[in-house]
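Reader: Please take a close look at one helix pair for me. Then place that pairing among the other contacts, from strands to chains.

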There are 2 protein chains.
Amino acid sequence: MRLKIKTLKLDAGRPIAFLNESTAKKLHLHIGERVQISNDGQKIIAIADIVKGFLKKDEVSLSQEIMGYLKVSPGDFVDVDFVLPPKSTQFIMNKLAGKTLSRNEIFMIIEDISSNLLTEAEIAYFVSGNYEHGMSMQETFYLTEAMYKTGVNLHWHTKDIVDKHCIGGIAGNRTTPIVVSICAAAGIVMPKTSSRAITSASGTADVMETITKVDFSSKDLQRIVKQTNACLAWGGSLGLAPSDDKLIRVERLLNLDPESQLIASILSKKLSVGSKYVLIDIPFGKNAKVNKKEALELKKKFLKVGKHFGLKMEIILTKGDEPIGNGIGPVLEMKDVLRVLRRDAPHPKDLEEKAILLAGIILEMTKKAGKGLGKMLAREILESGRAYKKFEEIISMQGKKDRELKPARYSYDIKAHSSGKIIAIDNKLTNLLGRVLGCPSDDSAGIYLYKHCKERVKKGEILLTFYAESPKKLREALDLYKKSKVIIIK
Amino acid sequence: MRLKIKTLKLDAGRPIAFLNESTAKKLHLHIGERVQISNDGQKIIAIADIVKGFLKKDEVSLSQEIMGYLKVSPGDFVDVDFVLPPKSTQFIMNKLAGKTLSRNEIFMIIEDISSNLLTEAEIAYFVSGNYEHGMSMQETFYLTEAMYKTGVNLHWHTKDIVDKHCIGGIAGNRTTPIVVSICAAAGIVMPKTSSRAITSASGTADVMETITKVDFSSKDLQRIVKQTNACLAWGGSLGLAPSDDKLIRVERLLNLDPESQLIASILSKKLSVGSKYVLIDIPFGKNAKVNKKEALELKKKFLKVGKHFGLKMEIILTKGDEPIGNGIGPVLEMKDVLRVLRRDAPHPKDLEEKAILLAGIILEMTKKAGKGLGKMLAREILESGRAYKKFEEIISMQGKKDRELKPARYSYDIKAHSSGKIIAIDNKLTNLLGRVLGCPSDDSAGIYLYKHCKERVKKGEILLTFYAESPKKLREALDLYKKSKVIIIK
């Protein structure tokens, strides 16, 4: 059907064609189905959306990516036709029925996800298939390869690129800025890209953003890394493994995280950024994403997939029973990080020790320290102030923000209802409380945690302080706190 | 976040809120996530979509249903906040993990689907769970009940309502208008609502639409049925079992059709329209949706679910090895139906016999004919012209269209490449050919089928004629025909 383009100035990040109701009916199209838009031999597939009262029968509105791709402007005519689903839907169906997929099939699925040819429901079927039937080692290799090859790959002035990654789930666990500063100070090249919070109260990119710019082109990153050995940036806009963002968005709807996809997601990103050495931190425990058995299983698979792609990997299992550090929330976590780096007293020892542990492993992996001597060197670099100097250097290259780090203006102290020993602090609830308080968008909102597990408290002693930008959010967090068991004292 | 409403005149049939990119970022929202829109204590959940360059930071565009529900107009302010997914996502997760769902859990899922609170990806997870783990009989009862109770229920001037249904998959199988005409002529009340084509070349509503209006309010339907005993309408706009349309849309992406959902989908619609007697036709065979074993299995389950809801049911298994009748496509099928009703010679005997068989069963179920005498009475009503008279009456009450039924203007004859006996005609390929030729939107496009299975043909004899509105579509159909085995002669 030949239709005239009408402007809508819509750029939804994916190809969408808006059609009038009666046009859609004529094409026997439902919302979410695919149409082919063609002009002069060029074709692109888009998802149809249906509007009433805005477009006429013979008009179509196209999202910007389609207009750019087809080189058309408002007022031009394009052909719009119903198309059948791509072949990859058949392969997804096969996976859902329990079949093993070939390299070609996995590549076609991942390419179609990257090119926006599959709807979120179709991606959900793929995730379901992987969740229900798992993936073989071979399939996981293919998935990882497909994910990184369909995206942008970064290149640096050296091949000896180091990266670290934590599978997540632990509130306040902000070791990355400290580890990167120590390692970069020791001469290691560590172009670290991190994510923003997905379900937690804050991600490393959110924390860094409180004091510096984090969104760069790959060219800018190259310049920053060449100068300072490192960066502490947001990876979201670089186009690394683009299928991964879409898979994560769909997985997250039900908090599904099939193991093969978790591994492929992490390692494809590491391959995209050109890593050679990779340290992966797997926190385990009843409050963490995995228990010890699952952590060991995951470690084995990470090593196999890493080896397949020639990565030099270390996997460390850490205790994930409770939050790390005192601050939960972007500004509060940055304050913890700065206290450790600046050697201010007091500072969170658990955060410092975990950062030293991780940095020590990297120093040994890269032969900057002899076997068994990594932690000592890491501590020395931190205590001497060299790590802080390096951090300042990175921040100033990225563009330091002129701002005072203050917690949000409304606060409320939570006191212990009884005396005893703290036996548990729930990570998930702590993160959820942080979200309710306004994190990460209100970056100075969050929680200050005064105590950790195994510590004794007296009745009436302050356990937590909540910070929020409005009394309403404070009240909501308090309601949630009262209804749930965040801290257990016995 | 307090935002000002900007008009977009968008009515996408579901609650959508359009936000500026930076506003979405501030709310930490991604496309497809949920927001709560509130005004004056009234709240509604909407799906977020993100636009660039149309809205300012402090503006939001809302789809019409939201504006109506919250009683707001462009220029008013509303609160827009991120909300966590509804509880039903947890129950979907449980199903995907293989757990059995309770009545309350199934009701919450179906209610949330009906109210547009679940995304298509979340619905896909529910479909996957049902596909992978099946549903118990009890769960199927709950699903059926939830599906019809969350929608509109129709009421008539009598309780003795009769309905028929075919599980589909057979090209050209247009018995409904004939069966309804025969039964209504015998005094049976049969308010038949049908669907449009989903994946086939045409649905009963598409075929009826070639000669009459099919889209009515429930009030109009009551008037038509009171006058004529029957209707032959489209059920799509009546709001019957609204979750079903959404489930079907998502299932269809991968042609999934979990058995429990198939049963619940059909029986919830029958319960919504107030049926007491239901005849279900299950075509089986290698070309049909199910084989004989599956058909028998399905029959057993249909009877159990029907009994649970107090329906008087008959299930008939019919041969589904090949298309029925000569015409495939809305106009061509209506011509077949009219030839049978008008007793024109020649007319498709297979279509006539199947219609008589089905009508006969209904006449016996409703005691209009004694046991074993239904077919005889059905034939008599058809041959006497009473069925045609009733058909004309229904059509004229619905609003007859003044139009000549002519096949599309471009045609091409397909001739036999060899002499022999026809041993197979593929239903799926026939339907697909119909789609490629332009069905159902080009309602006069389609296929005329001269021969059926077991008939002998000579080399060069015409097997099929293709009809299309453009030479391009004719060529595409011919290409597909050449590449596939639609008719097998041996």
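Author: Start with helix H17 (residues 427-436) and helix H18 (residues 471-483), both of chain A. In this predicted model, their axes come within 8 Å and cross at roughly 160°. That angle makes H17(A) roughly antiparallel to H18(A), because angles over 145 degrees count as such. The crossing of H17(A) and H18(A) is right-handed.

Which residues make the contact between H17(A) and H18(A)? From H17(A) come A:Leu432, A:Leu433 and A:Val436. H18(A) answers with A:Lys473, A:Glu476, A:Ala477, A:Leu480 and A:Tyr481. By class, the contact of H17(A) with H18(A) holds 6 nonpolar residues, 2 charged ones and no polar ones.

Now set a helix pair of chain B beside it. Helix H9 (residues 218-228) and helix H16 (residues 386-398) of chain B have axes that come within 10 Å. They cross at roughly 155°. H9(B) and H16(B) are therefore roughly antiparallel to each other. Their crossing, too, is right-handed. H9(B) brings B:Ile224, B:Gln227 and B:Thr228 to the contact. H16(B) brings B:Glu393, B:Ile394, B:Met397 and B:Gln398. Here the classes are 3 nonpolar, 3 polar and 1 charged.

Next, the strands. In chain A, 6 strands close into a barrel. The order is S1-S5-S2-S4-S3-S6, with mixed pairing. From one strand to the next, the twist averages 45°.

Look at strand S3 (residues 34-39) of chain A. S3(A) pairs with strand S6 (residues 77-82) of chain A in the antiparallel sense, over 4 bridges. A:Val35 has A:Phe82 as its bridge partner in S6(A). A:Ser38 has A:Asp79. S3(A) also pairs with strand S4 (residues 42-51) of chain A. That pairing is antiparallel as well, and runs over 6 bridges. A:Asn39 stands opposite A:Gln42 in S4(A). The hairpin of S3(A) and S4(A) has 2 residues between the strands. There, A:Asp40 takes a positive phi near 55°.

Last, the two chains. A rotation of 180° superposes chain B on chain A, with 0.0 Å of shift along the axis and an RMSD of 0.1 Å. That is the relation of a two-fold axis. In chain B, the C-alpha nearest the axis belongs to B:Ala121, 1.9 Å away. The same surface serves both copies: 100% of the contact residues of chain B recur in chain A.

How many residues does each chain put into the contact? Chain B gives 38 residues and chain A gives 38 residues. On the side of chain B that touches chain A, four elements each supply at least two residues: strand S4 (42-51), helix H3 (88-96), helix H5 (120-133) and helix H10 (242-252). H5(B) supplies the largest share, 9 residues. By class, that side of chain B divides into 20 nonpolar, 9 polar and 9 charged residues.

Notes:
Residues are numbered from 1 along each chain as its sequence is written. Chains are lettered from A and ligands numbered from 1 in the order in which they are written. This is a predicted model: local features need pLDDT of at least 70, side-chain atom pairs count only at pLDDT 80 or more; totals for chains, interfaces and linings use all residues. Copies are superposed by least squares on the C-alpha atoms of residues with pLDDT of at least 70 in both. Two residues are in contact if their C-beta atoms, placed from the backbone, lie within 7 Å. Axes are lines fitted to C-alpha atoms, for helices over the stretch in contact, and angles run from 0 to 180 degrees between N-to-C directions. Angles under 35 degrees count as roughly parallel, over 145 as roughly antiparallel, 65 to 115 as roughly perpendicular and the rest as oblique. A crossing is left-handed if the near helix is turned anticlockwise from the far one by less than a right angle, and right-handed if clockwise. Ala, Val, Leu, Ile, Met, Phe, Trp, Tyr, Cys and Pro count as nonpolar, Asp, Glu, Lys and Arg as charged, and the others, Gly among them, as polar. Two strands pair if DSSP finds at least two bridges between them.
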